[in-house]
Amino acid sequence: MLRLPKFELRSPRTLSEAIQLLEEAGPAAMVIAGGTDLVPNMKHELATPELLVSLAHIEELRGVRREPEGALAIGAMTSLAEVAASELVQRFAPALAQACSLVAGPQLRAMGTLGGNVLLDTRCQWFNQSYFWRQALGFCMKKDGSVCHVVQGGKNCVAAASNDTAPALMTLGARLELEGPEGSRTTAIDDFWVADGIVNKKLGASEILTRIVVPPTPRGHRGAYGKLRDRGSIDFPLLGVAVRLDVDETERVAHADVVVTALAAQPKRVAKVGDTLRGQTLGSPEFESAVLAVAELARKQCRPLPNIPGDADYRREMVPVYVKRTLFAAARGDGPVHHV
Amino acid sequence: MSARDLHGPGAPWGAATPGSKSNTDFKVVGRALRKLDGLSKATGAALYADDLQLPGMLHAKTLRSPHPHARVLRVDASRALALPGVLAVITGASMPIKYGVIPWTPDENALAVDKVRFIGDPVAAVAALDEDTANAALKLIEVEYQVLHAYLDPFEALVRHDPPIHEDRKEGNISKNVRLEFGAVDEALAGADVVVEDDYEFHGTTHAAIEPHCALASCSADGVLTLWSSTQITHYVHRALAKVLELPPHKIRVVQLNLGGAFGGKSDPFSLEFCVAKLALVTGRPVKMLWTREEVFYAHRGRHPMHLHYKSGATRDGKLTGVDAKILIDGGSYSSFGLVTTYYSGQLLTGPYHFPTYRFDSSRVFTNKPPCGPKRGHGSVQPRFAFEVQLDQLAERLALDPIEIRRRNFQGDFTRTVNGQRVTSNGFLQCLDAVERASGWKQRRGKLGRGRGLGVAGSMYISGTNYPVYPNEMPQAGIQLKLDRSGLVTVFTGGNDIGQGSNSMVAYVVAEELGLKLEQIRVVAADTDLCPVDLGAYSSRVTFMVGNAAIDACRKLRAQLVAAVAQKWACDERRVRLIDGLAIDIEDAARSMTSVEVFQLAESKFDTLGATGSYNTPKLGGDYRGGTIGASPAYSFTAHVVECEVDVETGRVSVVRAWIAHDCGRALNPMIVAGQMEGSAYMGLAEALLEHHQLNRFGLHSGPSLLDYRLPTSVDTPELHALIVESIDPEGPYGAKEAGEGPLHPSIPALSNAIHDALGIRLKHLPFTPGKVLAALRQEQALRPARPHAALDEGSR
């Protein structure tokens with residue numbers, strides 16, 4: 001068995017205590033939520049924290065709540081299983097419930113948290129390996145080395161954003177609430193990412209993600225999530241597609257959005273989706289043509305790299321298929337799109 | 001000495017007619033009884049090698065090569081030795097004697113002596129007070145390598161051998177070549193009405209047993225070295241340790257505890273066993289090593305990748321005239337069982353169909369990859385895949401039903417194959433009937449709509465062979481029984497229970513023979529100090545050979561027990577029946593005795609009670625070099641029908657259900673047999689669709705973890721229907737044959753054939769990934785642009 005390197009674990013009861021601990025320890029400290037991503041990464045010596053600050057005992061970070069104006073406020077420490085099973089989330093943010101229901105497998109969803117999934121480190125077949133393995137090929141630029149094995153001669157890390165929940169939250173226009181030594185701040189999740197596989201998010205030092213807020217969705221909101229993976233459980237996405245369709249009383253599309261993930265360092269919004277689908281009536285031939293046109297837009301705009309395991313050409317071929325299927329699923333009010 | 005002459009397939013009291021298929025005579029055999037170790041494994045009480053802790057025990061770790069092929073110029077362990085808590089570091093120089101599970105091809109060192117031959121090849125081992133210290137010490141060992149050209153492509157290794165992977169080989173990088181011809185193949189093919197010739201490819205897969213390898217060694221004050229190891233071949237490990245450590249074998253004891261699966265992945269002597277033994281000798285303290293999952297992937301010994309070229313001819317009515325095979329086998333860096341693999345790749349194909357003529361030319365080459373070896377269905381799963389797909393291609397050309405072409409070529413029972421193997425019982429036709437009926441083949445095949453299909457395949461496999469890996473005249477399986485005055489029978493067997501239930505099987509046999517309750521039997525297994533030799537759990541030999549040895553031992557004791565009772569009751573021995581913990585008089589219901597009383601009576605009469613029993617195969621095999629390899633005392637037969645569904649837009653293949661009919665001779669425990677059948681089909685289908693033991697361009701395993709090596713989960717597993725066929729073999733224990741490996745074979749070609757039924761595409765290159773399915777669909781459309789699709793599109797969404 002791979003050994004888990006030694007570390008100190010602290011479990012504060014309050015957020016301010018947690019921030020203080022992080023600040024005192026500086027870069028040697030990391031936050032641990034469910035640990036389902038961090039612990040394997042520590043065994044692979046990808047992260048070597050001396051101090052882990054657990055958020056498990058901070059009660060205010062848990063739970064799904066509907067705010068008076070209709071927004072959903074989800075504590076970052078709410079388990080993925082709980083978000084997936086939440087009637088509020090299923091009703092007002094179906095794409096998010098579906099995405100949570102397809103993260104890893106049942107045991108991991110019971111431990112893993114929504115905040116942890118939003119903050120999931122990027123993944124790459126040349127990175128998520130043991131120390132021995134990485135050492136055998138001279139490491140890579142994301143950790144301990146300087147080269148990229150995905151794009152030979154490449155200057156930028158292209159490890160893939162692999163969090164299923166991020167694209168769903170982007171279609172929902174979610175805001176992230178963060179708490180740090182300088183106080184609290186709120187950011188649109190769209191603005192949280194950077195195109196760098198080494199660190200693909202703007203998370204400040206000693207900052208903690210506390211809540212994920214999904215603004216009120218209109219009555220005609222539909223959403224779905226589609227996930228391509230080899231097995232029916234456990235695996236990270238080879239491709240993730242979140243869609244949103246807001247329709248008016250006559251079932252005409254008022255707003256549409258498609259965000260695709262597991263391609264590059266950050267989730268990618270497919271451009272011109274709203275313009276293509278707006279005004280079409282669900283179920284009409286024009287709507288179906290517009291869906292196919294969106295699928296084609298996605299195909300043209302997405303070029304997966306061989307960063308994660310599997311055949312990159314096949315992943316690209318599946319982009320339009322999953323975009324199409326997920327849009328149709330949302331239009332029907334069902335989903336997720338998943339092979340089992 | 002050979003038990004096979006002493007009894008038939010019937011019950012011990014001889015009431016059953018030989019060849020009887022009725023189970024009613026048996027009290028234990030044929031019943032779905034619980035496994036002896038079921039409860040302890042389910043509750044977590046069962047002890048595995050890593051559960052053992054000894055006072056003063058040290059932990060050992062292995063330093064491995066980061067290069068696929070390099071000369072080791074210098075190993076400097078001084079900094080590691082200086083680390084507090086490190087007690088010893090050993091290198092190849094500590095154990096320079098080479099070993100290999102096949103004594104003719106010893107080419108492995110416990111630690112690299114002069115060269116490393118794959119990424120992960122062991123170079124040095126450290127013993128320290130704890131695992132973290134041992135790991136830290138590994139990073140302090142300096143190794144200077146001279147990097148050599150790495151062979152990652154078997155076709156390159158076949159023609160180039162400068163530098164060679166093994167310097168002392170005469171034939172460059174060729175590990176083994178076998179070329180055998182039976183009959184005039186070229187003439188037979190020339191005279192055939194139809195000939196199909198094609199290429200097939202089997203990717204590599206690995207066992208992925210849930211328990212990683214672990215070994216613990218300890219030396220006693222009087223110089224006895226004990227090794228507890230997760231092995232399926234205690235006897236061969238015993239021999240290899242004696243050789244490499246240069247110790248007399250009687251100073252070594254090898255013990256196997258509960259095993260968390262093996263599937264052939266624990267049937268070589270492994271580096272860690274030598275390392276812990278040597279480190280225990282050096283430090284004088286117990287030493288344990290537990291491999292990481294990653295290390296298990298490097299140690300591998302999994303299914304060989306094979307490039308297979310087949311040419312088969314048939315007459316107009318579908319009878320085979322000849323089969324010609326040329327196979328390139330990618331062996332990886334060491335021989336392991338490779339000599340046998342190379343023979344098996346050709347020798348095990350000659351049933352259940354009659355081959356009038358047959359030729360194969362198999363070459364195993366060394367490459368700088370983790371060594372391949374035996375995985376469930378050793379050497380024969382790959383050729384079976386190719387041939388059974390080719391047989392479907394022949395049926396298609398001849399417009400014959402795929403089941404019908406298989407029936408027409410059935411070789412029959414009590415016959416001899418073209419390569420000289422003796423076939424006894426053969427239930428293959430019943431297997432075909434069973435899957436045909438259960439799957440609704442006649443009504444459903446070809447009528448399920450585009451994207452859904454049924455496919456069939458057949459196979460045969462050995463129940464052990466008469467080839468012990470080292471030549472000797474001694475029994476292949478031995479059993480010792482000890483009867484206690486308490487009514488307990490202790491059975492000592494060298495057989496390795498790897499989860500397949502062989503200890504339970506032995507207990508069932510003894511309970512049946514001596515008329516005992518299962519709770520009166522204790523099995524002590526796989527301990528070289530206590531148990532008579534059995535060669536190990538490989539080649540599907542244990543039920544057949546150990547089962548027969550157990551019957552042999554029991555019959556001797558049974559005679560004594562019955563004689564003692566008959567004398568006491570002053571009646572004819574034939575009236576005494578031992579059953580369910582009692583001796584009863586079958587003519588006088590009022591008269592009975594408990595087994596405790598029986599044992600005590602017999603002990604008073606005959607002295608201390610015990611017996612040994614053994615099994616050895618009869619003389620078998622063709623009269624030519626290698627003719628005994630694959631010569632089995634009995635062959636099992638299998639047929640599968642697989643039903644698949646293909647999403648034509650994503651290319652994803654899903655197996656909806658599979659029907660597995662297997663002729664196991666007699667099911668000693670039908671629940672365990674069905675478990676083996678389902679597990680085999682699960683494993684085969686996983687290899688077809690998901691699993692891939694793959695190296696990247698550096699020669700590094702592309703994902704040595706259970707996240708990246710995709711074993712199917714429960715939601716990926718289809719409905720599996722086990723249909724047991726019992727042909728009652730005249731030489732098997734109560735007529736039993738193997739059930740652990742044979743049932744894997746047809747699953748892979750049956751799936752390929754089902755995909756053809758679903759979509760008209762032939763998948764000949766494993767694994768059947770969605771990308772390959774889409775490519776085949778595109779190719780098929782491009783080749784037949786004029787083909788009317790109206791009928792086909794009906795079923796599509």
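Colleague: Which residue stands opposite Leu58(B) in β12(B)?

Modeller: Val287(B) stands opposite Leu58(B). Bear in mind that this is a predicted model.

Colleague: In which sense do strands β1 and β12 of chain B pair?

Modeller: Parallel, over two bridges. Strand β1 covers residues 58-64 of chain B, and strand β12 covers residues 287-290.

Colleague: What is the strand order of the open sheet that holds them?

Modeller: Read across the sheet: β3-β5-β1-β12-β9-β10-β11 of chain B. That makes seven strands, with mixed pairing.

Colleague: Why is one side of β3 and of β11 in chain B left without a neighbour in the sheet?

Modeller: β3 (86-91) and β11 (252-255) of chain B stand at the edges and have a single partner strand each, so one side of each has no neighbour in the sheet. Neighbouring strands here are turned by 20° against each other on average, ignoring direction.

Colleague: Which strands does α3(B) touch as it packs on the sheet?

Modeller: β1, β3 and β5 (122-128) of chain B. The direction of α3(B) makes about 25° with that of β1(B). Helix α7 (residues 271-283) of chain B packs on the sheet too. Helix α7 touches β1, β3, β5, β9 (214-219), β10 (225-229) and β12 of chain B, with a direction about 25° from that of β9(B).

Colleague: Now the open sheet of five strands. What is its order?

Modeller: β7-β15-β14-β13-β8 of chain B, with mixed pairing. The edge strands are β7 (174-182) and β8 (194-202) of chain B, and each pairs on one side only. From one strand to the next, the twist averages 5°.

Colleague: How many bridges join β13 to β14 in chain B?

Modeller: Nine. Strand β13 (residues 306-314) and strand β14 (residues 320-332) of chain B run antiparallel. Take one residue as an example: Tyr310(B) has Ala325(B) as its bridge partner in β14(B).

Colleague: Which strands does helix α9 of chain B lie across?

Modeller: β7, β13, β14 and β15 (358-366) of chain B. Helix α9 (residues 338-347) runs at about 30° to β7(B). Helix α10 (residues 381-397) of chain B also packs on the sheet, touching β8, β13 and β14 of chain B. The direction of α10(B) makes about 145° with that of β8(B).

Colleague: How do I read a pair of packed helices?

Modeller: Two packed helices are described by the angle between their axes and by the distance between those axes. Take helix α11 (residues 285-301) and helix α12 (residues 312-332) of chain A. They pack at about 145°, with axes 8 Å apart. The crossing of α11(A) and α12(A) is right-handed.

Colleague: Which residues of α11(A) and α12(A) meet?

Modeller: Those in α11(A) include Val291(A), Leu292(A) and Glu296(A). Those in α12(A) include Val319(A), Lys324(A) and Phe328(A). By class, the contact has ten nonpolar, no polar and three charged residues.

Colleague: Into which domains is chain A assigned?

Modeller: Domain 1 (1-58), domain 2 (59-120 + 162-193 + 202-214), domain 3 (124-158) and domain 4 (221-332). The C-alpha centres of domain 2 and domain 4 of chain A lie 21 Å apart. In their contact, 17 residues of domain 2 of chain A meet 21 residues of domain 4 of chain A.

Colleague: Which element gives the most to the domain 2 side of that contact in chain A?

Modeller: α9(A), with five residues. That side divides into twelve nonpolar, four polar and one charged.

Colleague: And how is chain B divided?

Modeller: Into domain 1 (3-30 + 475-615), domain 2 (49-148 + 213-290) and domain 3 (376-466 + 626-793). The C-alpha centres of domain 1 and domain 2 of chain B are 40 Å apart. Their contact takes 14 residues of domain 1 and 15 residues of domain 2 of chain B.

Colleague: How many residues does each chain bring to the contact between A and B?

Modeller: Chain B brings 28 residues and chain A brings 24 residues. On the chain B side, α3 (131-138) and α19 (770-783) each supply at least two residues. That side has eleven nonpolar, eight polar and nine charged residues.

Colleague: Last, single residues. Is Asn472(B) buried or exposed?

Modeller: Exposed, because Asn472(B) has 9 C-beta neighbours inside 10 Å, and the cut-off for exposed is 12 or fewer. Asn472(B) sits in the loop between β18 (452-462) and β19 (477-483) of chain B.

Definitions and conventions: Residues numbered from 1 in each chain as written. Chains lettered and ligands numbered in written order. Predicted model: local features only at pLDDT ≥ 70, side-chain atom pairs only at ≥ 80, totals over all residues. Contact = placed C-beta atoms within 7 Å. Helix = DSSP H or I, 4+ residues; strand = E, 2+ residues; numbered from the N terminus. Nonpolar A, V, L, I, M, F, W, Y, C, P; charged D, E, K, R; others polar. Pairing = 2+ DSSP bridges. Axes fitted to C-alpha atoms, helices over the stretch in contact; angles between N-to-C directions. Left-handed = near helix turned anticlockwise from the far one by under 90°. Buried ≥ 20, exposed ≤ 12 C-beta atoms within 10 Å, placed from the backbone. Domains from an automatic or database assignment.
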